[in-house]
Amino acid sequence: MTSSSPSMPTRRQVLGTAGVAACGVALAGCGVGVPPEPVVPPGIKGKPIAKVADVPVGGGTLIMDWKIVLTQPSEGVFKAFTATCPHKGCLVGRFADKAVECPCHGSAFALDTGACLRGPAGAPLKEFPLRVDGDSIVIL
């Protein structure tokens with residue numbers, strides 16, 4: 001029979017405490033945060049932010065300066081969405097299988113509507129109005 005000192009934790013207590021702490025950290029990282037409602041940055045309204053040629057058909061491009069994703073779901077149809085994932089606020093911007101993907105937790109959004117196709121996000125990307133002016137894309 002072994003005895004342990006009351007001032008020294010047992011191996012089982014140390015491992016148990018470490019396990020509980022690790023679970024707490026993991027759960028905190030997967031919690032649902034609500035990022036603030038996105039708004040079009042005031043300095044870009046009515047100004048060209050990208051060229052039509054910069055947005056591939058069936059894909060898109062991330063405009064880092066303003067955290068906006070521009071997509072072209074089909075030839076000549078352009079859309080603009082916030083690039084902030086509604087799950088935890090990460091920047092989306094990977095494009096695959098006709099979707100915009102969030103690299104942080106794997107959410108995917110439709111190129112044409114911004115609708116959530118795959119969670120953990122439970123809300124769509126917010127769409128911004130735009131127009132094509134010649135060879136430029138302008139946010140309204």
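Biologist: Is T61 buried or exposed, and what is its relative accessible area?

Modeller: This is a predicted model, where local features need pLDDT of at least 70, side-chain atom pairs count only at pLDDT 80 or more, and totals for chains, interfaces and linings use all residues. Residues are numbered from 1 along each chain as its sequence is written, and side-chain values use heavy atoms, leaving out hydrogens and water. Buried means under 20% relative accessible area, exposed over 50% and partly exposed in between (1.4 Å probe, protein chains only). T61 counts as buried, because its relative accessible area is 19%.

Biologist: Which residues does T61 touch?

Modeller: T61 sits in strand β2; strands (E, at least two residues) and helices (H or I, at least four) are DSSP runs, numbered from the N terminus. Contact means heavy atoms within 4.5 Å. Not counting residues up to four places away in sequence, T61 touches D54, V55, I68, V69, L70 and F95.

Biologist: Over how many bridges do β2 and β3 pair?

Modeller: Two strands pair if DSSP finds at least two bridges between them. Here G59 stands opposite Q72 in β3, and K67 in the hairpin takes a positive phi near 50°. Strand β2 (residues 59–63) runs antiparallel to β3, and the number of bridges is five.

Biologist: How many of the seven residues of β3 are buried?

Modeller: Strand β3 covers residues 68–74 and is largely enclosed by the rest of the structure.

Biologist: Which residue takes a positive phi in the hairpin of β3 and β4?

Modeller: β3 also pairs with strand β4 (residues 77–82), in the antiparallel sense over five bridges. S74 stands opposite V77 in β4. Two residues lie between these strands, and the one with a positive phi near 80° is G76.

Biologist: Which residue of β11 stands opposite V132?

Modeller: β10 pairs with strand β11 (residues 136–139) in the antiparallel sense over four bridges. Opposite V132 in this arrangement stands I137.
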